[in-house]
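Thanks for making the time.

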Amino acid sequence: TNDNQNQHFISFVLLNSHIYELDGRTVDEDGKAFAVDHGLESEAGFAVDVGKIIMEDFMKREPESLNFNITALCETV
């Protein structure tokens, strides 16, 4: 939306061993949203891989920002 709250939500999912970023603001030249493929899950696992993506791609952009939150939905084992 174009409101003044400046909130933005992104999801990461694992599908066929690939890590995908789902972000409605990532659109192609036709204005259609698409999933960003961050590649195959490593042996370290999904949570570690996504943590690296968040640190290297998102937190590096605004390292002083405290307006950041991470939530994980996990199956109990």
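**Pocket, core and one loop**

Let me start with the largest pocket, where helix α1 gives the most to the lining, with seven residues. Please keep in mind throughout that this is a predicted model. The volume of that pocket comes to about 1,200 Å³. Its lining is made up of 27 residues, and those that lie nearest the centre are H8, I10, F68, N69 and I70. Strand β1, residues 11-15, and α1 each supply at least two residues of the lining. Sorted by class, the lining has 15 nonpolar residues, nine polar ones and three charged ones.

The chain has one helix and three strands, and from the N terminus on the order is β-β-β-α. The C-alpha trace spans about 40 × 35 × 25 Å along its principal axes. There are 77 residues in the chain, and 14% of them count as buried. As for contacts between residues at least 6 apart in sequence, 26% join residues at least 24 apart.

Next, the core. Which residues make up the largest nonpolar core? There are six: F12, I19, V50, I53, I54 and F58. Helix α1, which covers residues 46-59, provides the largest share of this core, namely four residues.

One of the core residues is I54, and I would like to stay with it for a moment. I54 is found in helix α1. Is I54 buried or exposed? Its relative accessibility is 9%, and the cut-off for buried is under 20%, so I54 counts as buried. Leaving out residues up to four places away in sequence, I54 touches F12, M59, F68 and I70. Two of these names have come up already: F68 and I70 are among the residues that lie nearest the centre of the largest pocket. F12, for its part, belongs to the largest nonpolar core. For a distance along the chain, take I54 and A72: they are 18 residues apart in sequence, and their C-alpha atoms are separated by 13 Å.

That brings me to the aromatic rings. A pair of rings is described by two values, the distance of the centres and the angle of the planes. The count for this model is one aromatic pair. How are the rings of F12 and F58 arranged? Their centres are 6.3 Å apart and their planes stand at 80 degrees, so the pair is edge-to-face. The cut-off behind that label is an angle over 60 degrees. The pair links distant parts of the chain, with F12 in strand β1 and F58 in helix α1, 46 residues apart. Both partners also sit in the largest nonpolar core. F12 is buried, at a relative accessible area of 18%. F58 counts as buried as well, with 18% relative accessibility.

V36 is in strand β3, which runs over residues 36-40. Its relative accessible area is 22%, which means that V36 is partly exposed. Not counting residues up to four places away in sequence, V36 touches I19, Y20, E21 and T26. V36 and V50 lie 14 residues apart in sequence, and from C-alpha to C-alpha they are 13 Å apart.

As background, most residues other than glycine have a negative phi. N16 has its place in the loop between β1 and β2, the latter being residues 18-22. With a relative accessible area of 65%, N16 is exposed. S17 lies in the loop between β1 and β2 too. The phi of S17 is near 70 degrees, again a positive value in a residue other than glycine. S17 is partly exposed, however, with a relative accessible area of 42%.

To close, two items to keep in view when you turn the model.

Conventions: Residues are numbered from 1 along each chain as its sequence is written. This is a predicted model: local features need pLDDT of at least 70, side-chain atom pairs count only at pLDDT 80 or more; totals for chains, interfaces and linings use all residues. Side-chain values use heavy atoms; hydrogens and water are left out. A nonpolar core is a set of buried Ala, Val, Leu, Ile, Met, Phe, Trp, Tyr and Cys residues joined through side-chain atoms within 4.5 Å. Buried means under 20% relative accessible area, exposed over 50%, partly exposed in between (1.4 Å probe, protein chains only). Contact means heavy atoms within 4.5 Å. On a 1 Å grid over the protein atoms alone, a cavity is a set of points where a 1.4 Å probe fits but cannot get out, and a pocket is an open set with protein on both sides within 12 Å along at least five of seven lines; lining residues have an atom within 4 Å of a point. Grid points are joined across faces, edges and corners, and a volume is the space filled by probe spheres set on the points. Ala, Val, Leu, Ile, Met, Phe, Trp, Tyr, Cys and Pro count as nonpolar, Asp, Glu, Lys and Arg as charged, and the others, Gly among them, as polar. Rings of Phe, Tyr and Trp (its six-membered ring) pair if their centres lie within 6.5 Å; planes under 30 degrees apart count as stacked, over 60 as edge-to-face and the rest as tilted.
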